[in-house]
Amino acid sequence: MSHRKKKRKTGLPSGSLIYTGDIIVENPDVTVVQYNESIFQQSLLKGVECKPIAEDKVSWYDMRGLTNVTLVEHIGKFFNIHPLALEDILNTTQRPKWEDYPNGIFVIVRALRFDVDNQDVIHEQIAIFLRKNLVLTFQEDAEDLFKIIRERLMKTQGVIRYKGADYLVYALLDLLVDQYFEILDQVDDKLEKLETQILTNFTPSVRNRIYHYKRLVSEIRRVILPLRDVIIHFSREETKLVETADNFYFRDLHDHLSRVVEMLDNQRDTLNNLNDLYHAEQSNRANYVMKLLTIVSAIFIPLTFIVGVYGTNFDVLPELHHPKGYFYMWVVMGSIAVLQLIYFRWKKWL
Amino acid sequence: MSHRKKKRKTGLPSGSLIYTGDIIVENPDVTVVQYNESIFQQSLLKGVECKPIAEDKVSWYDMRGLTNVTLVEHIGKFFNIHPLALEDILNTTQRPKWEDYPNGIFVIVRALRFDVDNQDVIHEQIAIFLRKNLVLTFQEDAEDLFKIIRERLMKTQGVIRYKGADYLVYALLDLLVDQYFEILDQVDDKLEKLETQILTNFTPSVRNRIYHYKRLVSEIRRVILPLRDVIIHFSREETKLVETADNFYFRDLHDHLSRVVEMLDNQRDTLNNLNDLYHAEQSNRANYVMKLLTIVSAIFIPLTFIVGVYGTNFDVLPELHHPKGYFYMWVVMGSIAVLQLIYFRWKKWL
Amino acid sequence: MSHRKKKRKTGLPSGSLIYTGDIIVENPDVTVVQYNESIFQQSLLKGVECKPIAEDKVSWYDMRGLTNVTLVEHIGKFFNIHPLALEDILNTTQRPKWEDYPNGIFVIVRALRFDVDNQDVIHEQIAIFLRKNLVLTFQEDAEDLFKIIRERLMKTQGVIRYKGADYLVYALLDLLVDQYFEILDQVDDKLEKLETQILTNFTPSVRNRIYHYKRLVSEIRRVILPLRDVIIHFSREETKLVETADNFYFRDLHDHLSRVVEMLDNQRDTLNNLNDLYHAEQSNRANYVMKLLTIVSAIFIPLTFIVGVYGTNFDVLPELHHPKGYFYMWVVMGSIAVLQLIYFRWKKWL
Amino acid sequence: MSHRKKKRKTGLPSGSLIYTGDIIVENPDVTVVQYNESIFQQSLLKGVECKPIAEDKVSWYDMRGLTNVTLVEHIGKFFNIHPLALEDILNTTQRPKWEDYPNGIFVIVRALRFDVDNQDVIHEQIAIFLRKNLVLTFQEDAEDLFKIIRERLMKTQGVIRYKGADYLVYALLDLLVDQYFEILDQVDDKLEKLETQILTNFTPSVRNRIYHYKRLVSEIRRVILPLRDVIIHFSREETKLVETADNFYFRDLHDHLSRVVEMLDNQRDTLNNLNDLYHAEQSNRANYVMKLLTIVSAIFIPLTFIVGVYGTNFDVLPELHHPKGYFYMWVVMGSIAVLQLIYFRWKKWL
Amino acid sequence: MSHRKKKRKTGLPSGSLIYTGDIIVENPDVTVVQYNESIFQQSLLKGVECKPIAEDKVSWYDMRGLTNVTLVEHIGKFFNIHPLALEDILNTTQRPKWEDYPNGIFVIVRALRFDVDNQDVIHEQIAIFLRKNLVLTFQEDAEDLFKIIRERLMKTQGVIRYKGADYLVYALLDLLVDQYFEILDQVDDKLEKLETQILTNFTPSVRNRIYHYKRLVSEIRRVILPLRDVIIHFSREETKLVETADNFYFRDLHDHLSRVVEMLDNQRDTLNNLNDLYHAEQSNRANYVMKLLTIVSAIFIPLTFIVGVYGTNFDVLPELHHPKGYFYMWVVMGSIAVLQLIYFRWKKWL
């Protein structure tokens, strides 16, 4: 989850195309889909032979893996993408953003996945380029996130098939937002477990886990918050590339995202409350230890003093010679101990 | 109080109608009311036979229970509701929102109820669709929240009867806001009890209760805050569906809601202050324990040392042979103890 | 200081006139004043005989006590006040607000009084209705807050006599704001005393007082903050009822109120700082106790060990038989004690 | 540093002229300066004989001391100042503000001075009235703050001489802002010393100093923050009294003030961090005390137990009769002590 | 990292040219570069002989070192820079700002460098003046920050050579922002080390380091946050000096800077979390010490009491005379100790 741009070379002219990510995909797949209400064609791009945009079909190029910079550059030039956008595709530490270039809309978003082993979130940059009848997507990883959408395109003849490229972008973003919900559900589960543990089975190491989730939630926030602005751009009638009738879909998506953000806020609150709870419980345990020490000391220190008195070697010490002296000493000491126990009981320490 | 959408299936096309709530109502009632200044008719919808909207009457369909998805779909199609709105009716984890569809206003709100046993708040989603002379309401639960409004419609011939559908929506929302006041009154009572308990009858478990109410109040906030925006939309002259003369009513409602939010802010402040108070009291008790330990130790440790001195077996130890040695030892030890008690009294520890 | 609306009956149609306050005034006085530059007439309203608004005089009806709902209703109907405004007059838990009805401006404000005995703030709702040449005021309590203004009207022939009804409203509000200053001065005094007490005469109960004033200040804020918006409405040229030349007066009033809010912010800061100070002082005292315990233990525990050594009954224990053994033991023990005292002095614990 | 308005009499008509400050200046000086590019005349106002505003010269009346209310009133009437502005001049607890009266701009600012003895900030109200070719300044104190400006006017024939009255106001405000920088430099020095003291020479009293500077900084903020708005009014082209070419100067001044505010924010952060540091250091010292107690107790309590064992008077206790028993006891006790010291060393407590 | 303006003399007329920085550069270099698509000329300015701006070339004067005030003044006058801008160039404690003077845009930015030895950030003020075909840069330090840009200009014939002066400014700012990334990477590394140290190798001095980085990060924020506004001015079409086609570059730069700010926010969060972690760990260690003390005391204090009992000198004390008395005493004491150890084990203290 590093935000570093280690490979960035200071002073390089901007527009220089260098892939800065860690994921190496030697031979990236580029799936090409073309569809309209009646036709659905799917193929893998062989070499670099892109086709001109069809007037009556939506074309979708989905590239998975960015190690092959020249291929990205070739596609970019073929579809006339601005050099800064190409640079952003390859610099995979971008935050979500929306750019309105003269020949299309360019969007950076991030896909999240929950890594159960490390209790961590893995994220991957997705670049989307939208033009009339054309959608280009660039995924950082080779894993096919959008397979489910292609399958839906293939199987159904529903709304997604007769709507334009803007609806396809909506469907892709909706998929990502659904994944956010799933991740936050998992985080919610973990936080509930943390809460139970603090209240019933406290160990100081809980603190490290609270710290871990605080960082996790604040990182997810950083990925998701700017996405809202991206979707707001789509939902307003800012661009002709999104049909007015489709604004409702993006507004609905924005609504979903608001709920995601609300869940994140909720989790942040919960973590702060858990932190409070942790500290209160820690104090509570320290106080318990303290009370135990005080009880033991308060009972035995006076008794030890008393037996000390009768351990002195004075020539004249009458009690020592009383036949029941030893017995009476025990009576006195027992009374002191009992009175103290009653006192501590009354104070609710026992 | 879960915000999960367990039933949501990632990748499903949006607009898919699936009920995501937990409340199962096999045979939902749909009460149909039609009224104007002179007429009031009430019936239960049999089957799916909706009637076209009457020009001279307000028609109100109130459906209670959403398990029967096909009935919702049927009503939705009859009155030409947008698929996304239908989806929102059934996805019962929505936050309050206001959507201005071309053929009507669609509003999601949430009804709250205080569950005295669990000291928890139960909420239920209410979807309201407003069109000229038509109000549709969809309640998640079978319980008839709006019965009181129907009775008022039946009994009175007052303002509610000669005003339009917009006033009916106002009356429904006003009812919900009144319920918020009641819930917050109950929370206020609980917080007052908590305060008393911290100040007079402290137990560490108070902490858990503070934590519980913190979560409760922050959840109520999440339900109520977005409702303000909903009502602002009504109170401004944004839509022809609300008559200008009725804006005052929505403004008044907004005012009530502002007071609700103020009460919530107040309760949040109170909880933070109670948390402070809890920690201060906890420290206070720890300090008390500490002082007790210190007093006992400070008094008896020196005395034990003194009797230790006269317990040594030196051949030459003159005090031991003095006839009043033992008596003088007690005098010395008594003086030490008394001086210390005076000192602790002066320090106000006793 | 309760914000409850105990008497509010959920589901009642809005516009229902019910007095919700706690103050019972069986026979409310309604003082009627009519004045212009040359004339000043004052009388008590007998029965319900309101007079039509005079063109050349300002008429001011000041009602004290709201228990007589029918009288309020009568006056409201006579001067044609909107039912929602009448409802607000009687529901005495309103926050300050400004409503621009077609036939006049309706304002809710709150008067504050400091209850020295309980160190608490008592507040009372004041409703003001302003129309061309007419001011209606409704006070919750029978006490005559505005007497001082009537006396000024009677005695002087200054600006207040030749200005219109808007200036009268300004004078009334200015009086209330002046009272806020007085209350905050008293709170300031109390906070200064609290500070002194924490620094010189600390007792744990200070905590309860800090908590009390935190609630007090945050309640005063809730009353005063919305009043700013009310006055802003007057100071802008939003309504013809306020003459342009009088905007300066309301701007000046807004300025005063800003200073009140600043004082409140200041007091809130002070209380937070006092809370910090309280906790620091509490820790400080706990540390002092701790140090005392440590000093006593560190000095006497080793000494007790030494005398214990010479209290053992070994057959062969040479030191016991040395003629100066006992003396040397004291020398050693004295040295240990003195060294420790030097160490603690060097550590600045003594 | 009191914000009280002790002398304010509630209910007095606004516009009443009463001086509310504490500084008594029986015979206030009023210095009158008139200048243009070629002429510079300076005199003390004798009696009340103000001169009409000259068309070709800038006239500047600088009054120092406000006890003589009638003189203020006279000047106010001569130059036709609004009664509310006159009242503000005399009520010396105003916050900085900008009022655009029909016949001129009225500005309240505050001059700050650092009182080294009490480590406190003294402030004084300055009222400035600006009209075409006229500047009136009213200082609360008799000390001549603006002498340096008059000397510059006299000596130089630079920009200040050929610019208008607006530039003079700029020069006066610039002088005050420069003084703020000096004060904050002094506060910075004090905070650096506080930091050093916490880290090297900790005493609990540092806490009171942190508290003192927190109040100081928050008070300076209250004086300076509203001044920004005042200067923004000048820097925008809102009034004809400031020439467009001079807007740059006020923008530069606003920039300086932003830096002052930034320094204040910085100091507030620093104080919060110092508070954290104080608490951490306090805990640290408490822990040190605790460790010392634990080390002493852990070493000597077991040893005292051992010698206690051999102080018992059992008839049969073989070790006592061993010739080297006493020696072996010391060996055992020494080993226990050494092992514990090693353990504490390993724990880094020693 | 001082924000003082020690050399500022209060009361000096603004526009006075005094260099307020600490870096002394006796003989500042002024590198002059002139270029267009085909030509590249570079020389050092000899004396003060500036050349008039060429119509077909971009001229860039880069001055390094500001001690020679008269040279700055000369260049300023030659290119007709406003006196306030000249003053800002020399007053090197400016915050980043953007000024639109009638004859050009004046920008103040700050270059940051990480001083590895002191773990501190060194910053230097850079003033940039942009006019059609002219860029002036004034660096505080003699070190040549912009060498890399000149080399790129010389070597490449790319976009930087055929774009105008606005692109050169973009390239310079991009270089500075790249340096920010590098510094924050280094801070990130340090914070990761701090985290590891708190969790594995805790010493109280970590606190001082947290404090140090808090100040560092908040200082970097103060330098970077205002820069965003500067770049926003360039990215909007506010000035004709930036060609519309180049807005994309500044928008991209703004995007980079947003990421820098995000990293800073992240680091601030991390530091707050580390602070929490520090306090939790500190409490944890205090509790450990406490537990150790309690265990030792709870075990040995009762045992010491028991041996004290048998050290008393009562005439009648039967146990002493039992042949196995001493052995039984050990059995009893052993049992007590073992039971306590089991208890502490069960409590998970051991």
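Is D:Thr294 buried or exposed? Here are some notes on that and a few other points; bear in mind that this is a predicted model.

1. Let's start with D:Thr294. This residue is buried, since its relative accessible area is 0%, and the cut-off for that label is under 20%. D:Thr294 sits in helix α7 of chain D, which covers residues 247-309.

2. Who is around D:Thr294? Setting aside the neighbours within four places in sequence, the contacts are D:Trp349 from its own chain plus E:Val289, E:Leu292 and E:Leu293 from chain E. As for reach, D:Leu227 is 67 residues away from D:Thr294 in sequence, and the C-alpha atoms of the two are 57 Å apart in space.

3. Next, the contact between chains D and C. Chain D puts in 62 residues and chain C puts in 65. Interface size is often quoted as the accessible area lost when the parts come together. Here the area buried between chain D and chain C is about 5,600 Å², with carbon and sulfur atoms giving 56% of it.

4. On the charged side of things, seven salt bridges are counted between chain D and chain C.

5. Now the symmetry. Two copies of a chain are related by a rotation about an axis and a shift along it. Chain D goes onto chain C by a rotation of 72° with 0.1 Å of shift along the axis, at an RMSD of 0.1 Å. The C-alpha of chain D nearest that axis belongs to D:Gly311, at 4.5 Å. The two copies use different surfaces, as 16% of the contact residues of chain D recur in chain C.

6. A:Phe327, A:Tyr328 and A:Val331 make a nonpolar patch of about 300 Å². Of these, A:Tyr328 is part of helix α8, residues 325-346. A:Tyr328 counts as partly exposed because its relative accessibility is 43%, and that label runs between the 20% and 50% cut-offs.

Conventions: Residues numbered from 1 in each chain as written. Chains lettered and ligands numbered in written order. Predicted model: local features only at pLDDT ≥ 70, side-chain atom pairs only at ≥ 80, totals over all residues. Heavy atoms only, no water. Patch = residues over 30% accessible without salt bridge, like charges linked within 9 Å, V, L, I, M, F, W, Y side chains within 5 Å. Areas by Shrake-Rupley, 256 points an atom, 1.4 Å probe, with all protein chains shown as cover. Salt bridge = Lys/Arg side-chain N within 4 Å of Asp/Glu carboxyl O. Helix = DSSP H or I, 4+ residues; strand = E, 2+ residues; numbered from the N terminus. Buried < 20%, exposed > 50% of the residue type's maximum accessible area, 1.4 Å probe, protein only. Contact = heavy atoms within 4.5 Å. Buried area = accessible area lost by both parts, 1.4 Å probe. Least-squares fit on C-alpha atoms with pLDDT ≥ 70 in both.
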